[in-house]
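The sequence and the structure are shown first.

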Amino acid sequence: MGRTAPTYRQALEERMKRWEAFGRLLTTPEERAAFETLRTGARRYVAQATNVGSPDLLESILLSVLLDMARRMPPIAPPAVDPDGS
Amino acid sequence: MSVEADAWLLDITEHTDGRSVDLWTKDRHTGRVSRRSEPFRPPFYVLGSRSDLEDLERQLSSHPEVDSVASSHQRPSLFEERRRRMLAVVPARNPFRRRLARTIDAIGEFHRFTLYDVDLTPPQLYHLTHDLYPFAPVRAASDPLVAVEPPEVLEYDAPPMRIAPLEIRFDGPPRRQRIPSTEARIRSIRIGETILEGPEPDLLRALAAEIARVDPDVIRTDGGDSFDLPWIYRRAEATGLSASEIALGRIPVPFRPERGDRSYMTYGRVVHQAASFNLPGRFHIDRENSFLFEDTDLDGLMDAARLSRLSLQTIVRQSPGTCFTAMEIAQALQLGVRVPWKKNRPERFRSGAHLVLADRGGAILQPPVGVHDRVEEFDFVSLFPQIMITKNLSAETLDCRCCPESPRIAPGLGYRSCTRRWGLIPRTLRPLVHRRLAYKAAMRLRGIPANERAQLARRVKMLKWILVTAFGYQGYRNARFGRIECHEAINAYAREVMADLSRAGEEIGYRTLHGIVDSLWVQPRREGAEPDPEAFAERMSERFELPLGYEGRYRWIVFLPATTHGFGVPNRYYGRYVSGAFKLRGIGGRRHDTTALVRRFETEALQMLGEAPDAPGVRARVPRALARADRFAARLREGAWPLEELLITHRIGTPLEAHRSFRDETSALRQLAALGLARAPGESVRYVLLDRSSRSWRDRARVAETMTGEERYDVDAYLEILARGVETLLAPFGIDRAALRARWGIPAERERSPYASGSDPDQQLLASQGGSPTF
């Protein structure tokens, strides 16, 4: 039993390995820590990204990273005006 | 009904004349087993163009291995309703069946003919064409033999089976620790309750006499296929005894295996199956050569034999997939469809993007690492089979031509399933699922005797195995009636159900912690305002039309992280239900290669943590568990840990000659090879580590077979193994291997000593020549 396409988890880890070269030239501990947070964010939503089944790996990674950042930001206040304009 | 029956059909075997089958029946009152032979040479079928078939018919009419050739109209596939003209070929003798089929395939240059029913065995076909099945209640005098009730009945009297254990012994220590030399003589044989002793030829004759006297239905061995029977036959031959003098079956058979040994890959694991020795009229159950016997015992196996129409002897050695395939075959033949010999349905062309979309498993919701309490667990009962049934998923019902507007559409994939014809897979599965549910319900009845409950439990287990394989076989390229799109569609439906279930839980006040394919772990968001889990399970069962079971509430459960990325890993946890039962997944005790050392630590640690009523209680007990680990480490360091608890069992994945690097098991395998003992992939090897830094195969480890008990084990290696075991359980509490290494003073990476071992002349020679061998 084999599968033809790699799982999202496998593809993600491949890409994370590639990103290591990027991280190696970061020069401050703050940057390195932030970069690590980013990679952790990408890995947090493996199940959800798998469920999308998108052929665009980067789309799934970016979505995961963005969500991880959004979740750690202070809650956004609801819009003051009803979006329908009424 | 069964009141009229005065016997059971035990088994059908091929007669040695090649033209008939032997029917073995057991008398209900006397328990005596008798044999009757029925002429039976079933045809196989060939499909091809009219002119090709005419040519073939002419060629076969004078072929020495052919008895007769005739025209016959048969349904060639589930995809075609219409019957087509085929040639029905009856071989002169049944054993010619496959060879003749291969000849015909070659005549058609391997593409002009399609062949059917070739690999169905005469006993299997006899069952199917005569409405018989193994262990059917029958009337012994009737001609032909008929079953007085159908195989599907839930309550039936299984024949009582007389079971005799068989074991041979040589001189010296017990056989597990020793390998008999080629000169060895059998000293004693245990058969049933009797132990026979004496010089060999008499001993072997006494064995045959004792078997004839006890007349068992089942001969049960531990390693009979790989050890006892080959040795009995080897010694019988050496002492000049003939096959007719040493009949272990109810009729004599030649001293050779029915089938040779083999290694193969299944579910990512290499397994080894020993050669098999059949004893006609009796069943030989080798517990070491049977994947299913351990779990299901005779009760489960007999139930499966009835339903699949396969001999118990076949089932005991085969996988549940074989049972399921046989059930599909029975169903197909009932629909008038012949069974293709070689599956000839290539996967259709699909784009890469579609594969990424479709080729996915069930839904996984990553668990949050750490200890949690008040956790509820829900499981769907037979989720995949139920989906196959309710969505009518089968090779021939998917994207059928008759229902382009079918509302049954696999989510995200768009595969439609037929609304007009019921598929082969759902037809096969539905009775199995119902049977399993009925047995489960019967088990819960109050006042049911313990032995009956145990019997039902074993049947349930067997059915579970068959149902599990039913899903896997949809994606298996050699499965007769499988189709990969079915596999994908099942997963797509399952993912959808899981997502909806998790959302529905949240709506009534749960927080989802973890989900794997068909199971969900949730926690009430607020203490005090807790949803009723039983009511939730019931509502969801109705909503999805799939039975959702409430497994129970945990006092606490610990989800474990991956050592690589630190996030929670699906299906790796341990916890304790409110009922007091533990549930352990993916930790050492569940793995077959765990040392007794680690197992012991786990048991003791779980006992300590198990006393905790909730999550804070678990955290409070972690220091005590760590102190216990320290005590283990200190004792290990003293060098006094019993060697048998340090034995490592390794299942061989690659044969010795394919090893590219020098590993612990390389050392062990070379030691066995030096004793003249080859081990095949799938078999295991057991050894103790003596010096992991050594580059010599003699010094690095010691195989169990040559241990004297005086060996000094490699303390650091075992501290490392213990550290890994402790980390597995306690990592969520910040106790990892690095911390344990520092705590116990284990060197991180030791320098390796030079390769050459002083005692090995080959290696000295290589070293002096400046060679650089791998090991």
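Strand β1 (residues 7-14) of chain B runs antiparallel to β8(B), and two bridges join them. Within this pairing, B:W8 stands opposite B:P137 of β8(B). The model described here is predicted.

Both strands belong to an open sheet of four strands in chain B, ordered β3-β2-β1-β8, with antiparallel pairing. Its edges are formed by β3 (33-39) and β8 (137-138) of chain B, each of which pairs on one side only. Helix α3 (residues 122-129) of chain B packs on the sheet and touches β1, β2 (20-27) and β3 of chain B. The direction of helix α3(B) makes about 140 degrees with that of β1(B).

## Domain division

Chain B is divided into domain 1 (2-38 + 131-138), domain 2 (44-119), domain 3 (163-318), domain 4 (364-427 + 477-577) and domain 5 (643-712 + 745-768). Between the C-alpha centres of domain 3 and domain 4 of chain B there is a distance of 43 Å.

At one end of the order, strand β10 (residues 186-191) of chain B pairs with β11(B) in the antiparallel sense over four bridges. There, B:I191 stands opposite B:T194 in β11(B).

In soluble globular proteins, nonpolar side chains tend to be buried together. The largest nonpolar core here has 73 residues, of which B:M161, B:M388, B:L429 and B:L501 touch the most other members. Helix α13 (residues 484-507) of chain B gives the most to this core, namely ten residues. A second, separate core comprises 56 residues, including B:V558, B:V622, B:L636 and B:I721.

Which residues does B:M161 touch, not counting those up to four places away in sequence? They are B:L10, B:F135, B:D217, B:V218, B:F283, B:L298, B:M302 and B:L312.

B:A363 is located in the loop between α9 (352-358) and β16 (364-365) of chain B. Why does B:A363 count as buried? Its relative accessibility is 14%, and the cut-off for a buried residue is under 20%.

Apart from neighbours within four places in sequence, B:A363 is in contact with B:R495, B:M498, B:G515, B:I516 and B:V517. B:A363 and B:D518 are 155 residues apart in sequence, yet their C-alpha atoms are 8.3 Å apart in space.

Strand β20 (residues 548-561) of chain B pairs with β21(B) in the antiparallel sense over six bridges, and B:W556 stands opposite B:R576 in β21(B). Six residues lie between the strands of this hairpin, in which B:G566 takes a positive phi near 85 degrees.

β21(B) also pairs with strand β22 (residues 582-585) of chain B, in the antiparallel sense and over four bridges. The bridge partner of B:Y574 is B:L584 in β22(B). This hairpin has four residues between its strands, and B:G580 takes a positive phi near 105 degrees. Strand β21 (residues 568-577) of chain B, which takes part in both hairpins, is mostly covered, with seven of its ten residues buried.

## Contact between chains B and A

The contact takes 13 residues from chain B and 17 residues from chain A. About 1400 Å² is buried between the two chains, and carbon and sulfur atoms give 59% of this area. On the side of chain B, B:D359, B:R360 and B:F567 lose the most area to chain A, together 36% of what that side buries.

Key
Residues are numbered from 1 along each chain as its sequence is written. Chains are lettered from A and ligands numbered from 1 in the order in which they are written. This is a predicted model: local features need pLDDT of at least 70, side-chain atom pairs count only at pLDDT 80 or more; totals for chains, interfaces and linings use all residues. Side-chain values use heavy atoms; hydrogens and water are left out. Two strands pair if DSSP finds at least two bridges between them. A nonpolar core is a set of buried Ala, Val, Leu, Ile, Met, Phe, Trp, Tyr and Cys residues joined through side-chain atoms within 4.5 Å. Buried means under 20% relative accessible area, exposed over 50%, partly exposed in between (1.4 Å probe, protein chains only). Contact means heavy atoms within 4.5 Å. Domain bounds come from an automatic or database domain assignment. Buried area is the accessible area (1.4 Å probe) that two parts lose on being put together, summed over both. Axes are lines fitted to C-alpha atoms, for helices over the stretch in contact, and angles run from 0 to 180 degrees between N-to-C directions.
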